[in-house]
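Hi,

Here is the structure I promised to pass along.

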Amino acid sequence: MSERPHAVFAMTAANVPLVFPPEVLARLRESVVIDDGLVAEDFTDPRVRQALARTEILVTGWGCPRLDAAALDAAPKLRAVLHSAGSVKGFATPEVWRRGIAVSSAAVANALPVAEYTLAMILLAGKDLLTARERLRGTRAHPGWGVVPGIGNLGRRVGVIGASRIGRRVLELLRPFDLCPALADPYVDAARAAELGVPLLELDDLLRTSDIVTIHAPETPETHHLVGRRELALMPDGATLINTARGGLVDHDALIAELRTGRLNAVLDVTDPEPLPADSPLYDLPNAFVTPHLAGSQGNELARLGATVAEEAARLGAGERPAYPVEWAALEREA
């Protein structure tokens, strides 16, 4: 590479040192010229617009302003958007692709902690640990030593909804365990499911036969309330529903009604709405385990996102294509 291209951060300024700590920022600067003291939180800011005039690469992240025609007009040399997070739906408009600008996302890196969280919850749910803790908290009395029937992870059926990046990673992580995973995804055929090492089921069959169901599908108009009253009723008694995807994939009114019967359990890292209102029954139901959108990259995991962007910048500098491109045509099927 001869001369390093100019780049600009476009995200919430407070996130830059978290996603690009010193060692990761140094790696990024091997490929681009970038000032971490100038962060575009508003594309109409005069200082930002001056920088955009010479910008070839935009390093985006959470809080990136909308990349519409007006913003792109201010960056006539822009040739790549490298996103240091998951979805680009919140800020990237069709105009980006119309202008032939390459778009890359670190979603592959963000998939790792989500899949790890999911694996942990699957194993804990199989041991009934989450609800057992609540029972112990309520009784303040040890139930006594002995075998607890009906729990355990040997041969337990785990139904995975969606062969997304995260869904596929979950299937990979499940392989060392004596579990029986299955997949439901309308965009996957039997041959592809066989490559993933799992049987492919219709959604209803997966719900009927799974002890634990974990959701990894994108939220689109077609998948809104994908799991509603009818679908929840198909799940066997004692089953656990895990959602780390989008809150709107589950009908929360229907879920609360099922949880109140005590028939099902739920692990929710995402909710609808998000955050939940203070009076939501989900906070108090003993069979609902709710976490505040923690499954994705947090703390030291954020550096993995920045490292992915640094790798992509190096590829561009070497004249290569991005390893993790985002295509407009496929965006509607992504989270």
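Lining the largest cavity are Phe43, Leu52, Leu58, Leu67, Ala71, Leu72, Ala75 and Leu78. By class, that lining has eight nonpolar residues, no polar and no charged ones. The space inside the largest cavity comes to about 30 Å³, and a search of the whole structure turns up one cavity of 30 Å³ or more. Please keep in mind that this is a predicted model.

On to the helices. H6 (residues 107–126) and H8 (residues 165–174) have axes that come within 8 Å and cross at roughly 50 degrees. Because of that angle, H6 counts as oblique to H8. The crossing of H6 and H8 is right-handed. On the H6 side, the residues in contact are Ala107, Val108, Ala111, Leu112, Val114, Ala115, Glu116, Thr118, Leu119 and Ile122, and they meet Arg165, Ile166, Arg169, Val170, Leu173 and Leu174 of H8. Sorted by class, the contact of H6 with H8 has twelve nonpolar residues, one polar and three charged.

The other pair is H2 (residues 22–29) with H13 (residues 302–317): their axes come within 8 Å and cross at roughly 10 degrees. Angles under 35 degrees count as roughly parallel, so H2 is roughly parallel to H13. Here Val24, Arg27 and Leu28 of H2 meet Ala303, Gly306, Ala307, Val309, Ala310, Glu311 and Ala313 of H13. The contact of H2 with H13 divides into seven nonpolar, one polar and two charged residues.

Happy to talk any of this through.

Best wishes

Methods:
Residues are numbered from 1 along each chain as its sequence is written. This is a predicted model: local features need pLDDT of at least 70, side-chain atom pairs count only at pLDDT 80 or more; totals for chains, interfaces and linings use all residues. Side-chain values use heavy atoms; hydrogens and water are left out. Axes are lines fitted to C-alpha atoms, for helices over the stretch in contact, and angles run from 0 to 180 degrees between N-to-C directions. Helices (H or I, at least four residues) and strands (E, at least two) are DSSP runs, numbered from the N terminus. Angles under 35 degrees count as roughly parallel, over 145 as roughly antiparallel, 65 to 115 as roughly perpendicular and the rest as oblique. A crossing is left-handed if the near helix is turned anticlockwise from the far one by less than a right angle, and right-handed if clockwise. Contact means heavy atoms within 4.5 Å. Ala, Val, Leu, Ile, Met, Phe, Trp, Tyr, Cys and Pro count as nonpolar, Asp, Glu, Lys and Arg as charged, and the others, Gly among them, as polar. On a 1 Å grid over the protein atoms alone, a cavity is a set of points where a 1.4 Å probe fits but cannot get out, and a pocket is an open set with protein on both sides within 12 Å along at least five of seven lines; lining residues have an atom within 4 Å of a point. Grid points are joined across faces, edges and corners, and a volume is the space filled by probe spheres set on the points.
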